Amino acid sequence: MEYKELEKIAKECGFTHTAPLAVTTMQMKQEVRDMCAQNTCGQYGKNWCCPPGCGDLEVCQQTVNQCKDGILVQTVGELEDEMDGEGMMEAQEEHSKHFLAMVDRLHELGVPMLPLGAGTCTRCKVCTYPDAPCRFPEKKISSMEAYGMLVLQVCKENHLEYYYGPNAIAYTGCFLLK
Ligand code: SF4
């Protein structure tokens, strides 16, 4: 699938900003994974899409190595000020909706891809990890951080803004084509 088509689908799914993504810019760092292990988000060891369930860095690297270029997608939400927690949560929920919609759309079109979102996989109310296999292995969503990526660095190297000022918040994800 051409970038222009991916961009059109992303906009239809609700993302506010997009940019072409070069797979060669996707560096995976152990220090990012070490931050996951500190479990500040509370999802470490709770989901097939987060460490350690998503595999070690070598496994993630092998998955990315099978991919071609793709697209970076963002949902930028407005905030009343930098302390507007409600506004942040709303933007995050919007981003998750956009992201799930795009995964489903590409899946329906039969486009092989690796989707990497923001935060853990929220496709099911409760993840089956670790007691049973993932319910939707083709549609599950790991995060860029779970793959050891620094979102700021990936955005910078692909010429997409990351910070939109004190009255905005950006959630970022990406789709790599296989
Ligand atoms: S699709 Fe469901 S079972 Fe699979 S990782 Fe996501 S939440 Fe867990």
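Student: Why is Tyr 129 called buried?

Tutor: Happy to start there. In this predicted model, Tyr 129 has a relative accessibility of 18%, and buried means under 20%, so Tyr 129 counts as buried.

Student: And what makes Trp 48 partly exposed?

Tutor: Trp 48 comes out at 22% relative accessibility. Buried needs a value under 20% and exposed one over 50%, so Trp 48 falls in between and is partly exposed.

Student: Why is the pair of Trp 48 and Tyr 129 called edge-to-face?

Tutor: Their ring centres are 4.7 Å apart, and the limit for a pair is 6.5 Å. The planes meet at 85 degrees; over 60 counts as edge-to-face, so that is the name the pair gets.

Student: Which parts does this pair tie together?

Tutor: Trp 48 sits in the loop between α2 (30-37) and α3 (57-65), and Tyr 129 in the loop between β3 (113-117) and β4 (142-143), so the pair links parts that are 81 residues apart in sequence.

Student: What makes Phe 15 and Phe 99 an edge-to-face pair?

Tutor: The centres are 6.3 Å apart and the planes stand at 80 degrees. With cut-offs of 6.5 Å and 60 degrees, the pair is therefore edge-to-face. Both Phe 15 and Phe 99 are buried, and together with Phe 175 they form one aromatic cluster.

Student: How do you know that Pro 51 is buried?

Tutor: Its relative accessible area is 4%, and the cut-off is under 20%, so Pro 51 is buried. Pro 51 lies in the loop between α2 and α3, and its contacts beyond four places in sequence include Tyr 44 and Ala 146.

Methods. Residues are numbered from 1 along each chain as its sequence is written. This is a predicted model: local features need pLDDT of at least 70, side-chain atom pairs count only at pLDDT 80 or more; totals for chains, interfaces and linings use all residues. Side-chain values use heavy atoms; hydrogens and water are left out. Rings of Phe, Tyr and Trp (its six-membered ring) pair if their centres lie within 6.5 Å; planes under 30 degrees apart count as stacked, over 60 as edge-to-face and the rest as tilted. Buried means under 20% relative accessible area, exposed over 50%, partly exposed in between (1.4 Å probe, protein chains only). Helices (H or I, at least four residues) and strands (E, at least two) are DSSP runs, numbered from the N terminus. Contact means heavy atoms within 4.5 Å.
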